[in-house]
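Subject: Handover of a structure

Dear colleague,

Please find the sequence and structure below. A summary of the findings follows them.

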Amino acid sequence: SRACLGRRFAETEAVVARATIMQRFSLREHGSGGPLSLHEALTIRPANFRLDLQRRNSNGTRPVLGRLG
């Protein structure tokens, strides 16, 4: 069978992109955290799903936005 020549490259690039995002940002679900509903089109994906991103410091920690006490 025939295969796309760039498929392996695209898969590797996607892994690198996700790893870079996870290193540079903290991710949290935006919203209620309730059950997801699906949106069906050419692909199946969650409907109305959003993420909040917060940039990490150079040492990998989140910046302190405020202090108590």
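**Findings**

L53 is found in strand β4, where helices (H or I, at least four residues) and strands (E, at least two) are DSSP runs numbered from the N terminus. The model is a predicted one, in which local features need pLDDT of at least 70 and side-chain atom pairs count only at pLDDT 80 or more, while totals for chains, interfaces and linings use all residues. Residues are numbered from 1 along each chain as its sequence is written, and side-chain values use heavy atoms, with hydrogens and water left out.

**Confidence**

The mean pLDDT of the protein chain (the predictor's confidence in each residue, from 0 to 100) is 81, and 84% of the residues reach 70 or more. Where pLDDT is low, the predicted coordinates should not be read in detail.

**Overall architecture**

The protein chain contains one helix and four strands, and their order along the sequence is α-β-β-β-β. Of the 69 residues, 1% are buried; buried means under 20% relative accessible area, exposed over 50%, and partly exposed in between (1.4 Å probe, protein chains only). The chain exposes about 6,800 Å², of which carbon and sulfur atoms supply 54%. Accessible areas come from the Shrake-Rupley method with a 1.4 Å probe, and for residues only the protein chains shown count as cover. Among contacts (heavy atoms within 4.5 Å) between residues at least 6 apart in sequence, 40% join residues at least 24 apart.

**Nonpolar surface patch**

Which residues form a nonpolar patch on the surface? They are I21, M22, L27, L36, F49, L51 and L53, with about 610 Å² of accessible area together. Patches are made of residues with over 30% relative accessible area and no salt bridge; like charges are joined within 9 Å, and nonpolar side chains (Val, Leu, Ile, Met, Phe, Trp, Tyr) within 5 Å. Both α1 (7-24) and β4 (50-55) supply at least two residues of the patch. L53 counts as partly exposed because its relative accessibility is 49%.

**Strands and loops**

β2 and β3 run antiparallel and are joined by four bridges; two strands pair if DSSP finds at least two bridges between them. These two strands form a hairpin with three residues between them, and E40 stands opposite I44 in β3.

P35 lies in the loop between β1 (25-30) and β2 (37-40) and counts as exposed, since its relative accessibility is 86%. P35 and P46 are eleven residues apart in sequence, and their C-alpha atoms are 9.9 Å apart in space.

N48 is found in the loop between β3 (44-47) and β4. Although N48 is not a glycine, its phi is positive, at about 55 degrees. With a relative accessible area of 73%, N48 is exposed.

**Salt bridge**

How many salt bridges are counted? The count comes to one, a salt bridge being a side-chain nitrogen of Lys or Arg within 4 Å of a carboxyl oxygen of Asp or Glu. The side chains that meet in it are those of R7 and E11, at 3.0 Å from N to O. Because R7 and E11 are four residues apart in helix α1, about one helical turn separates them. R7 counts as exposed at 55% relative accessibility, whereas E11, at 37%, counts as partly exposed.

Yours sincerely
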